[in-house]
Amino acid sequence: MHRFEFDPTRRTLIRLIAGATLSPLLSLPTGLHGASRKAITKTIPSSGERLPAIGLGTSRTFDVSATEQLPSLAQVLGIFFGAGGTLIDSSPMYGEAERVIGELLAEVPSRPLFAATKVWTRGRQRGISQMETSRSLWRIPRFDLIQVHNLLDWQIHLETLREWKAQNKIRYIGITTSHGRDHDELERILENHPLDFVQFSYSMGEREAEQRLLPLAKERGIAVIANRPFQRGSLFHLVKNRPLPSWAGEFDCHSWGQFFLKFVISHPGITCAIPATSNPKHMQDNMGAMAGRLPDLDMRKRMLAFLED
Ligand SMILES: NC(=O)c1ccc[n+]([C@@H]2O[C@H](COP(=O)([O-])OP(=O)(O)OC[C@H]3O[C@@H](n4cnc5c(N)ncnc54)[C@H](OP(=O)(O)O)[C@@H]3O)[C@@H](O)[C@H]2O)c1
């Protein structure tokens with residue numbers, strides 16, 4: 001299997017980039033300046049722990065095999081941690097992503113990481129081996145959260161995850177999907193099984209979860225991670241050439257990226273959104289969504305009406 005080989009020059013370069021962006025003076029994202037620098041956090045209902053409301057997805061963006069792409073991903077991580085981010089979401093489904101995360105985390109030793117991956121295979125033993133492999137790829141002693149990816153063989157894996165949680169091998173357990181067709185089955189799982197987290201798609205373009213999943217998660221005390229908060233980037237095409245409305249300033253929003261993210265994290269049922277990016281400028285932009293005010297209910301309606309116009 002392919003392994004990245006870091007020569008000393010590259011290692012130094014990555015350390016420099018990560019170190020520089022971790023410096024508070026150099027890494028303030030738009031919207032995290034001055035009085036409103038405190039990052040928005042939400043509560044994980046099962047523990048009371050606070051979690052920064054913007055995490056980092058890694059599907060496709062971190063699935064790279066060319067070492068040339070690593071410095072800019074190191075910069076993405078540096079900006080993420082520098083702005084108060086902690087939750088990184090990955091999966092064995094994402095190709096090289098877990099290996100890349102591990103290589104880069106090794107270069108950023110002091111970071112408040114909330115490590116979240118998934119199990120995505122069939123069978124108890126294969127699930128266990130896969131989770132052990134993920135842990136060694138990330139180079140961490142344990143995951144904070146492991147979720148069953150796309151409901152695959154969920155009965156088997158939830159049993160293992162419950163055992164691992166009881167043994168303190170992981171802190172939280174959960175389940176994910178991004179397909180509307182899975183929602184009925186997901187609802188039954190949330191109703192009948194104790195879970196700390198659930199992850200599904202929620203964005204200004206995909207709001208089906210508002211009907212049943214979000215209220216159910218709230219009722220069951222389950223934290224919600226919103227995946228595809230930009231609908232895989234397609235929301236940006238929707239607003240191409242449209243200027244940001246001036247009233248976006250009323251909730252400290254300075255870009256379309258922040259407009260979409262503040263909509264997601266202002267839903268009271270959402271714990272964390274996990275936008276993915278390979279672009280340091282976009283990372284900086286996205287972390288700005290964790291600063292300042294969030295839209296209230298009336299403003300959320302106004303945002304939707306503006307987008308549908
Ligand atoms: N079933 C599951 O468990 C499941 C399913 C889907 C997703 N997920 C998780 O959720 C994460 C997020 O979903 P996603 O990656 O599908 O889509 P997404 O986060 O909705 O969108 C990512 C796209 O948005 C672009 N982007 C990011 N920030 C931007 C900005 N500020 N301005 C302009 N463009 C920006 C990125 O391009 P650039 O790289 O150019 O910035 C990328 O093309 C995944 O990475 C994964 O971790 C989980």
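Reply: Gladly, and we can begin with the overall picture: this is a predicted model, and the secondary structure of its protein chain comes to 11 helices and 10 strands. Buried residues make up 46% of the 309 residues in the chain, and among contacts between residues at least 6 apart in sequence, 82% join residues at least 24 apart.

Me: Why is Lys-169 called partly exposed?

Reply: A residue is buried if 20 or more other C-beta atoms lie within 10 Å of its own, exposed if 12 or fewer, and partly exposed in between. Lys-169 has 16 other C-beta atoms within 10 Å, and is therefore partly exposed. Lys-169 lies in the loop between α5 (154–166) and β7, and, leaving aside its neighbours within four places in sequence, it is in contact with Arg-142 and Trp-164. Lys-169 and Asp-144 are 25 residues apart in sequence, while their C-alpha atoms are 8.7 Å apart in space.

Me: How do you know how α6 and α7 are oriented to each other?

Reply: Two packed helices are described by the angle between their axes and the distance between the axes. The axes of α6 (residues 183–192) and α7 (residues 213–220) come within 10 Å and cross at roughly 10 degrees. Angles under 35 degrees count as roughly parallel, and α6 and α7 are therefore roughly parallel to each other. The contact is made by His-183, Leu-186, Glu-187, Leu-190 and Glu-191 of α6 together with Leu-213, Leu-216, Ala-217 and Arg-220 of α7, and these residues divide into five nonpolar, one polar and three charged.

Me: What makes β3 and β10 the edge strands of the sheet?

Reply: The open sheet has eight strands in the order β3-β4-β5-β6-β7-β8-β9-β10, with parallel pairing. Two strands pair if there are at least two bridges between them, and β3 (56–57) and β10 each pair on one side only. Within the sheet, five bridges join β6 (residues 143–148) to β7 (residues 170–176), which run parallel, and Ile-146 stands opposite Ile-173 in β7. Strand β8 (residues 197–201) and β9 also pair in the parallel sense, over five bridges, and the partner of Phe-200 in β9 is Ala-226.

Me: What makes both faces of β9 count as covered?

Reply: In a regular strand the side chains alternate between the two faces of the sheet. In β9, Ala-223, Ile-225 and Asn-227 on one side and Val-224 and Ala-226 on the other are all buried, in keeping with a strand in which five of its five residues are buried.

Me: Why is α9 called mostly covered?

Reply: Nine of the 10 residues of α9 (residues 256–265) are buried, among them Gly-257, Phe-259, Phe-260 and Leu-261. The buried residues of α9 pack against β9 (223–227), α8 (234–238), β10 (272–273), α10 and α11 (297–308).

Me: What surrounds the ligand, and which residues are closest?

Reply: The ligand is surrounded by 29 residues, the closest being Gly-57, Asn-227, Gly-233, Gly-257 and Ala-276. Helix α10 (residues 280–287) gives the largest share of this shell, three residues. By kind, the shell divides into six nonpolar, 19 polar and four charged residues, where Gly counts among the polar ones.

Technical notes. Residues numbered from 1 in each chain as written. Predicted model: local features only at pLDDT ≥ 70, side-chain atom pairs only at ≥ 80, totals over all residues. Near = placed C-beta within 6 Å. Helix = DSSP H or I, 4+ residues; strand = E, 2+ residues; numbered from the N terminus. Contact = placed C-beta atoms within 7 Å. Axes fitted to C-alpha atoms, helices over the stretch in contact; angles between N-to-C directions. Parallel < 35°, antiparallel > 145°, perpendicular 65-115°, else oblique.
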